[in-house]
Amino acid sequence: MTGSHQGLALILFCAFVVVTLAIATWAGRERRGSPEEFYAGGRLFSPLENGFAIAGDYMSAASFLGISGLIALYGYDGMLYSVGFLVAWLVVLFLVAELVRNCGRFTLADVLVARLRERPVRIAAGISSITVSVLYLVAQMVGAGSLVALLLGGTGERARGWTVIVVGALMVVYVTLGGMRATTWIQIVKAVLLMGGTIALTVLVLVRFHGDFSALLTTAADRSGHGRDFLAPGLKYGHDLTSRLDFISLGLALVLGTAGLPHILARFYTVPTARAARRSVVWSIALIGGFYLMTIVLGFGAAAVLGSDAVRATGAAGNTAVPLLALELGGGAGSTGGTILFAVVAAVAFATILAVVAGVTLASSASVAHDLYATLSRRASRGDRTHPTGRARACRGPRGEVAVARLAAAGTGLVAIGLGLLAQNLNVAFLVGLAFAVAASANLPVLLYSLFWGRFTTRGAVWSVYGGLIPAVALVLVSPVVSGAPDALFPGLDFRLFPLENPGLVSVPLGFLAGWLGTVTSPEPADDAGYAEAEVRSLTGAGAA
């Protein structure tokens, strides 16, 4: 890229970083020692504000960079991500949003311990939530590395590596300074910027083809190198039985995974009531739905305007398709319009990454401090359950828990940086698909069982979490994602035992099966009174935090 590209984009990057750091500093002055303030922003956000924040949290680098890139490379099959990410919100709206807001306080574990023994359930849910969060963070790190490497005129590992480190450091600063209040406002600003940038690019693509979407698709197919096959199922997932099963596995993970993502569940605690939580989801669905429809236009637009080979030439994963499309739509390399549009889109994408990593890091640090630290640091008598609201005070008090959460944010950042450096050659949407698979396998089964099954027991909950988490992670480790493939993490090694890239087809049913098996074999009787109390609270909000 030319010096003008670099200079303008870097100026916009720095401007966004300065603004967001100012927001974090301002938010950090507001009741810094209160767990409710740090984890939930004081529960003071309106449904509209929280809806924009949810959309900002959900529309990640995987959506803006990865999905459009996959569509540019694989056409119809790449659209699965757009459809799966959007349909998943129906599960959240109808099954999760209001009930989680009424039953929980800060984390997923709060919902579960309303009727189950606290210590084993909190530990299991905390470990699972941290695992999902770290996988999600890795995808954002990879997206940041690809973006800035392109901006600096190459795809060298050094540029990517330093970008990953800088993004990791910034996400720790955001969370430690401002907590949920800062994170929410950063996400709102990012959602507005991302929607504006996506709308502008979509309009330019449609104008290029005079509003004729059929012409857009025909040109994309012609320049893809695959002809009409580009617009039909099977280019990526249909050439053999294994790829078809991978298609089903990915779809299952995308549709069911959203309701188990810790950073999405945490957003329901930032509004005052369950009704506000449901209205937040309605607002977010409107924003997210429009956004994912536009990613389809951008993906096919990149194939039509640039050609799939040009997208692949700058990175086999396709993560740079949208910035390159912006450059071409603005007038091409060296033009003033191309320079400005490329810089704006690159800055918006970078803002997207920073906002998402802040939300995910906060959810992870909440799991460490509120679930693991607060549980392990006190000696609860065997069989004790918390107060129905899930309130549990660490032995050192609320301020000690918040301090631990800030330290946990730094630890999460270091882990995400290390894994992000390893996974630089993988597509960001694909990496997020893995995080969704783990969330759908470990978090969703225990959440649904706890909310809707009266016989569910503590053993069932623990077995459900580990019965989904361990197979999901283990199958990824012995899959083509890690070894035995040219684009694997370790291409020079081959210890593949599992043929699918996404484990959801196996691990999601195992999570549900383990929860059922643990419950029916449990020696402890079901807590009918606890379930009745939790059911009333989940449906009415009586006693909710």
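Is H210 buried or exposed? H210 is exposed, with a relative accessible area of 75%, where exposed means over 50% relative accessible area, buried under 20% and partly exposed in between (1.4 Å probe, protein chains only). The notes below begin with the whole protein and then go through its parts.

1. Basis of the note. This is a predicted model, in which local features need pLDDT of at least 70 and side-chain atom pairs count only at pLDDT 80 or more, while totals for chains, interfaces and linings use all residues. Residues are numbered from 1 along each chain as its sequence is written, and side-chain values use heavy atoms, with hydrogens and water left out.

2. Overall make-up. The secondary structure comes to 20 helices and 0 strands, both taken as DSSP runs numbered from the N terminus (helices: H or I, at least four residues; strands: E, at least two). Of the 545 residues in the protein, 61% are buried. The accessible surface comes to about 19100 Å², and 66% of that belongs to carbon and sulfur atoms; such areas come from the Shrake-Rupley method with a 1.4 Å probe, and for residues only the protein chains shown count as cover. Among contacts between residues at least 6 apart in sequence, 83% join residues at least 24 apart, a contact being heavy atoms within 4.5 Å.

3. The nonpolar cores. A nonpolar core is a set of buried Ala, Val, Leu, Ile, Met, Phe, Trp, Tyr and Cys residues joined through side-chain atoms within 4.5 Å. The largest one has 145 residues, and those with the most contacts inside it are Y58, Y81, F85 and F268. Its largest share, 20 residues, comes from helix α15 (residues 336–376). Apart from this core lies another, of 13 residues, which includes L116, V121, W453 and A461. Leaving aside neighbours within four places in sequence, Y58 is in contact with a list of residues that includes F85, W89, Y136, Y292 and F436.

4. From its first C-alpha to its last, α15 reaches 58 Å, close to the 60 Å expected at 1.5 Å a residue, the expected span being 1.5 Å times one less than the number of residues. I340 and L327 are 13 residues apart in sequence, and their C-alpha atoms are 8.2 Å apart in space. L327 is one of the buried residues of α14, a helix (residues 321–329) that is largely enclosed by the rest of the structure, because 8 of its 9 residues are buried. After α14 comes G331, with a positive phi near 130 degrees.

5. Helix α9 and its two ends. H210 lies in the loop between α8 (157–208) and α9, and has a positive phi of about 55 degrees although it is not a glycine. The N-terminal end of α9 is capped by D212, a side-chain oxygen of which lies 3.1 Å from the backbone nitrogen of S214. Helix α9 (residues 213–224) has 12 residues and reaches 16 Å from its first C-alpha to its last, close to the 16 Å expected. Its buried residues are L216, A220, A221 and S224. Seen down the axis of α9, these buried residues fall within an arc of 130 degrees, so they line one face of the helix; the arc is that of the directions from the helix axis to the C-beta atoms. G225 follows α9 and has a positive phi near 90 degrees.

6. Two buried polar side chains. S128, in helix α7 (residues 118–151), counts as buried at 0% relative accessibility. Its side chain makes a polar contact with the side chain of N443 (2.5 Å), where a polar contact is a pair of N or O atoms within 3.5 Å; within protein, one must be able to donate a hydrogen and the other to accept it, and residues adjacent in sequence count only if both atoms are side-chain atoms. Not counting residues up to four places away in sequence, S128 touches A442, N443, V465 and L469. R43, found in the loop between α2 (35–40) and α3 (47–58), is buried with a relative accessible area of 7%. A polar atom of the R43 side chain lies 2.9 Å from the backbone oxygen of Y269.
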